[in-house]
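Here is a short briefing to read alongside the model. Have the sequence and the structure open as you go.

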Amino acid sequence: MREVALGIDLGGTKTLVGVANEPSLSAPTALSFEASYQTLIELCREALAGRTCAGIGVAIGGPIDHFHRTVSPLHQPEWRNVPLWDLLAQEFGVEPAIEVDTDAAAIAEATERSVSDLYYVTWSTGVGGGYVREGAIHRSRAEGGSTHPEFGHQIVAGGNEGTVKGCGRARCLESVMGGRAIQERYGQPAVELPDYEWSSLDQIMAVGIINVWTITGCPLFVLGGSIGIARWSSVQEEVAQLQADCSLSSAPNLEPSTYGATASFEGALRLAQANFNTPSA
Ligand SMILES: [Zn+2]
């Protein structure tokens, strides 16, 4: 019987499951844990269509505890300390590779470009990032070494104080300029915001990218997410302007996401195929 690898993108609103080079399946993510998990398993069985599962890759919202092998996606309040490694291993007989969705997206974008160093930034409802460094997902060494650096929660000066305090702070990138923050402050969705409102937001994103570039030296940034892809060229101009007077370094390269809305899912497929950088538990 043919063996296939299964990719899963478990998002707060949509669950996407599929096998490489086949149409993927999707369903809304239910609020309750039982219903959403049941849907996930049903989609997996449908995608497998009776074939043997040889690998599973999962992209899911953070935080993930690689040490205790549990997931607690922030935007799925009923999913707390869920032992997803064990659940999927029992269900399908293979050890899954599970990563934060932005880390999975970073893997997909880095693999697609054949580069070993890439910083992926998503700008949509929220703001986040994932860093592939020397071919592996970069993790924080704090708190047991299992967390990933939070690009979207760096504090930025300037702009208005944010009102959406996902992490508890009012001045992080996400609380100042995430899609939800834009909706709350301007009373309209980001897509309807007039041009003149964008320059300060683009500049704050550029500051966030330059801060990370200055510290990490990562030569390539990729901007994804629905807002990020739309604002990419303007953010690139802001990055170039802000960096123009720096005599120490030039501006980092900034490219738009190749995969767009399916970047995390594409990363999950690669995790499934390669068990890319599976952390030792
Ligand atoms: Zn924050």
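What distance separates the centres of domain 1 and domain 2? Taken over C-alpha atoms, the centres are 25 Å apart. This is a predicted model, where local features need pLDDT of at least 70, side-chain atom pairs count only at pLDDT 80 or more, and totals for chains, interfaces and linings use all residues. Residues are numbered from 1 along each chain as its sequence is written.

**Two domains**
- Domain 1 covers 3–100 + 262–274 and domain 2 covers 103–259, with bounds from an automatic or database domain assignment.
- In domain 1, 17 residues are in contact with 16 residues of domain 2 (C-beta atoms, placed from the backbone, within 7 Å).
- On the side of domain 1 that touches domain 2, α8 gives the most, with 7 residues. Helices (H or I, at least four residues) and strands (E, at least two) are DSSP runs, numbered from the N terminus.

**The sheet**
- Five strands form an open sheet in the order β3-β2-β1-β4-β7, with mixed pairing (strands pair if DSSP finds at least two bridges between them).
- β3 (25–28) and β7 are the edge strands, each with a single partner strand, so one side of each has no neighbour in the sheet.
- β4 (residues 52–60) pairs with β7 in the parallel sense over 4 bridges, and V100 in β7 is the bridge partner of I60.

**Helices on the sheet**
- Helix α1 (residues 33–48) packs on the sheet, touching β1 (3–10), β2 (14–19), β3 and β4, and its direction makes about 25° with that of β2. Axes are lines fitted to C-alpha atoms, for helices over the stretch in contact, with angles from 0 to 180 degrees between N-to-C directions.
- Helix α3 (residues 101–113) also packs there, touching β1, β4 and β7, at about 105° to the direction of β7.

Key: Two residues are in contact if their C-beta atoms, placed from the backbone, lie within 7 Å.
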